[in-house]
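Dear colleague,

I am passing on the structure we spoke of, and below it I have set out what was found. Please read the notes with the structure open beside them.

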Amino acid sequence: MEWKISVTHRRGSQLASLLPEVTTDGILLLVRKGVQGEGGKATGGHAWEGHRERVRRMFAAIAPRYDLLNHLLSLNVDRFWRRFTVRQLRPHLSSKAPVLDLCCGTGDLALELAQQADVIGVDFCRPMLRIGQAKIARRRARVLLVEGDALQLPFPDGVFSVVTIAFGLRNLESPERGLREIYRVLRPGGVVAVLEFSQPLLPIFRHVFRFYFRNLLPRIGNWISGVPGPYDYLRDSVQAFLNQRELARLMEAVGFTTVRYINLTGGIAALHLGEKTP
Ligand SMILES: C[S@@+](CC[C@H](N)C(=O)[O-])C[C@H]1O[C@@H](n2cnc3c(N)ncnc32)[C@H](O)[C@@H]1O
C-alpha cells in the first residue's frame, strides 16, 4: 500500500500547495490502488463495485440539483442538523488538526466545520465535488477536497482527531466496513460523528413522515432533479437503514466507546457520536 500524503500538521491555506497531486479544478485525486478514479476502469474486481458504481452514477446525475433539493425537501432543516453537528463537536475541533469529512458531497458540512478547523472532504463522486469546490472557492474556506472511497481511505492509521459523515453511511455498500475504516484512521481518543436519517419516535409523526417520504418526496425529487430513480433510492435506503439503537450497537461492535445519539427533529435524523478508546 502506498500512502501519498501525511495529513498531520497541515495548516488550511497551505494544504493545497503541499499536495502536488491537486488537479486544475482544485480536487485532489487520491485513490488507493485497485480503486477506480473518475472515468477509469475498476481494477479490483470486487462484487461491491456494482453498488459503488450505481451510487456514484446516481449522485453524479443529481449533483446540479442536489443542494436545492436537500434544502427544499427538508424545508431547510438539513442546515440546522449540520450546524448542530458542528456545535456538538466544537470542544474537539482545533485549528491545529484537520477534520476528515467523509461522503462530503457538495461540501455543506465541510463548510460548516471549516469555520472552526481545517477540513479534508472525501467523496467518490467528482460532479458532487466540483459543485463543492466552487462553493469552497467562493467562501475561501479551509477545505481540501479529495476524490476517494470511504471504504478504502487513502490515509494512514490513527491520523485524525475528528471524523464526520453526514448522510453518507447509509449509502455505503457496508456501513460496518465504513465504520471500521473510520475507526482505523481515527487517533486513539478521537471522535466520530455520524449524522443520518433515522426513525421518528412518535407513532403519529412516524406515519405522517412515512407518507411524505413514500409518496411526496420521491415525486418532487425525481421531478425537480429531472432524473427518475435517485429519490426512490433515498426513500428505500432510509427505510432499510438501521434505527438509532441498531446503529449505536453497530458502532460499539466496531470498537467505539461512549457511543451516544441525539434525536433531531423528532428522530427524522439522529446524530451518533463515539470515541476510539484512548
Ligand atoms: C446524501 S450525499 C451526502 C453529502 C453531504 N455529506 C451532505 O451532508 O449533504 C452522500 C454522498 O456520499 C457519497 N458516497 C457514497 N458512497 C461513497 C463511498 N464509498 N466513498 C465516498 N463517497 C461516497 C456520494 O457520492 C454522495 O456525495
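Helix 7, residues 203-225, packs with helix 8, residues 230-240, at an angle of about 150 degrees, and their axes are 7 Å apart. Since angles over 145 degrees count as roughly antiparallel, helix 7 is therefore described as roughly antiparallel to helix 8, and the crossing of the two is right-handed. On the side of helix 7 the contact involves Phe213, Arg214, Leu217, Pro218, Gly221, Asn222 and Ser225, which meet Pro230, Tyr231, Asp232, Leu234, Arg235 and Val238 of helix 8. Sorted by class, the residues of this contact are 7 nonpolar, 3 polar and 3 charged.

A second pair is formed by helix 6 (residues 175-185) and helix 9 (residues 244-254), whose axes lie 10 Å apart and which pack at an angle of about 50 degrees. That angle makes helix 6 oblique to helix 9, and helix 6 passes helix 9 in a right-handed crossing. From helix 6 the contact draws on Pro175, Glu176, Leu179, Arg180 and Tyr183, while helix 9 contributes Leu250, Met251 and Val254. In the contact of helix 6 with helix 9 there are 6 nonpolar residues and 2 charged ones, with no polar residue.

Turning to the ligand, the model places 22 residues around it, of which Cys103, Gly105, Cys125, Ala150 and Ala166 come nearest. Helix 2 (49-73) and helix 4 (108-113) each supply at least two residues of the shell around the ligand, and the largest share, 5 residues, comes from helix 2. By class, this shell consists of 13 nonpolar, 4 polar and 5 charged residues.

Finally, a word on confidence. The chain has an average pLDDT of 85, and 83% of the residues score at least 70. Over residues 1-20, however, the pLDDT is below 50, although the model gives this stretch 26 contacts beyond near neighbours in sequence. Residues 33-45 likewise stay under 50 in pLDDT, and for them the model has 15 contacts beyond four places in sequence. Where pLDDT is low, the predicted coordinates should not be read in detail.

With best wishes

Conventions: Residues are numbered from 1 along each chain as its sequence is written. This is a predicted model: local features need pLDDT of at least 70, side-chain atom pairs count only at pLDDT 80 or more; totals for chains, interfaces and linings use all residues. pLDDT is the predictor's confidence in each residue, from 0 to 100. Two residues are in contact if their C-beta atoms, placed from the backbone, lie within 7 Å. A residue is near a molecule or strand if its C-beta atom, placed from the backbone, lies within 6 Å of it. Helices (H or I, at least four residues) and strands (E, at least two) are DSSP runs, numbered from the N terminus. Ala, Val, Leu, Ile, Met, Phe, Trp, Tyr, Cys and Pro count as nonpolar, Asp, Glu, Lys and Arg as charged, and the others, Gly among them, as polar. Axes are lines fitted to C-alpha atoms, for helices over the stretch in contact, and angles run from 0 to 180 degrees between N-to-C directions. Angles under 35 degrees count as roughly parallel, over 145 as roughly antiparallel, 65 to 115 as roughly perpendicular and the rest as oblique. A crossing is left-handed if the near helix is turned anticlockwise from the far one by less than a right angle, and right-handed if clockwise.
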